[in-house]
Amino acid sequence: ESRGIEKDRALASSRISLIVDRTGGLPVVAPLRWAVAAAYSLGILQEELPDAYPMAAGVSIAMAPLGDLPRMACELLATGRFLALGQAAHDLLCRDFTFRTCVERAAGRIR
């Protein structure tokens, strides 16, 4: 239980979630990482993806090639852009585009 509390404290005191998780060189992402970051309203900085749907580059997520991530992280912090990104990601994934609404939409298409 104490590890969960430690993780919660670390996330609650963070400003950016840096996500680099290529799997076998494939341009994919673990959506749970976005969901956790959005739940804490963290600005998400992701290694560049060809399609980040439902996220919008520059609006709800920042993306950059692997080598540019340190510079981009510094820029997001210095300008405060991480705040708007975090709020947009939270609104999108925790209010507008939740797991439940996606399942219900998909189920409606099947009927």
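**A walk through the chain**

Author: Let's start at one side chain. Arg71 counts as partly exposed, because its relative accessibility is 46%. Keep in mind that this is a predicted model.

Reader: Which side chain does Arg71 meet in a salt bridge?
Author: Glu75. The distance is 3.2 Å, N to O. Both residues lie in helix 3, four residues apart, which is about one turn of the helix. Glu75 is partly exposed, with a relative accessible area of 31%.

Reader: What else is linked in a network with Arg71 and Glu75?
Author: Arg81. Salt bridges link Arg71, Glu75 and Arg81 in a network.

Reader: How many salt bridges does the whole structure have?
Author: The search finds four. One of them joins Arg95 and Asp91, at 2.6 Å from N to O. Those two lie in helix 4, four residues apart. Arg95 is exposed at 53% relative accessible area, and Asp91 is partly exposed at 24%.

Reader: And what does Glu104 pair with in a salt bridge?
Author: Arg100, at 2.9 Å from N to O. They are four residues apart in helix 5 (residues 99-110), so about one helical turn separates them. Glu104 is partly exposed, with a relative accessible area of 45%. Arg100 counts as exposed, at 59%.

Reader: Let's zoom out. How many helices and strands are in the chain?
Author: Five helices and three strands. From the N terminus, the elements run α-β-α-β-β-α-α-α. The chain has 111 residues, and 32% of them count as buried.

Reader: What box do the C-alpha atoms fill?
Author: Roughly 50 × 35 × 30 Å, taken along the principal axes. The accessible surface comes to about 7100 Å², and carbon and sulfur atoms hold 59% of that.

Reader: How many bridges join strand 1 to strand 2?
Author: Four. At one of these places, Ile16 stands opposite Gly43 in strand 2. Strand 2 (residues 43-47) also pairs with strand 3, over three bridges. There, Gln46 has Met63 as its bridge partner, and Glu47 has Ala64.

Reader: Is strand 2 covered on one face or both faces?
Author: Both. Gly43, Leu45 and Glu47 are buried on one side, and Ile44 and Gln46 on the other.

Reader: Take Gln46. Why does Gln46 count as buried?
Author: Its relative accessible area is 1%, and buried means under 20%. Gln46 touches several residues beyond its sequence neighbours, including Ile19, Trp34, Met63 and Leu69.

Reader: Change of topic. Which residues form a nonpolar patch on the surface?
Author: Leu18, Val20 and Leu66. Together they have about 270 Å² of accessible area. Val20 sits in the loop between strand 1 (16-19) and helix 2 (31-39). Val20 is partly exposed, at 37% relative accessible area.

Reader: What about the backbone? Which peptide bond is cis?
Author: The one from Tyr53 to Pro54, with omega near 10°. Pro54 lies in the loop between strand 2 and strand 3. Ser41 is worth a look as well: its phi is near 55°, a positive value in a residue other than glycine.

Reader: Why mention that?
Author: Because most residues other than glycine have a negative phi, and most peptide bonds are trans.

Reader: Where does Ser41 lie?
Author: In the loop between helix 2 and strand 2. Ser41 is partly exposed, with a relative accessible area of 30%.

Notes: Residues numbered from 1 in each chain as written. Predicted model: local features only at pLDDT ≥ 70, side-chain atom pairs only at ≥ 80, totals over all residues. Heavy atoms only, no water. Patch = residues over 30% accessible without salt bridge, like charges linked within 9 Å, V, L, I, M, F, W, Y side chains within 5 Å. Areas by Shrake-Rupley, 256 points an atom, 1.4 Å probe, with all protein chains shown as cover. Buried < 20%, exposed > 50% of the residue type's maximum accessible area, 1.4 Å probe, protein only. Pairing = 2+ DSSP bridges. Contact = heavy atoms within 4.5 Å. Lists of a residue's contacts leave out its neighbours within four places in sequence.
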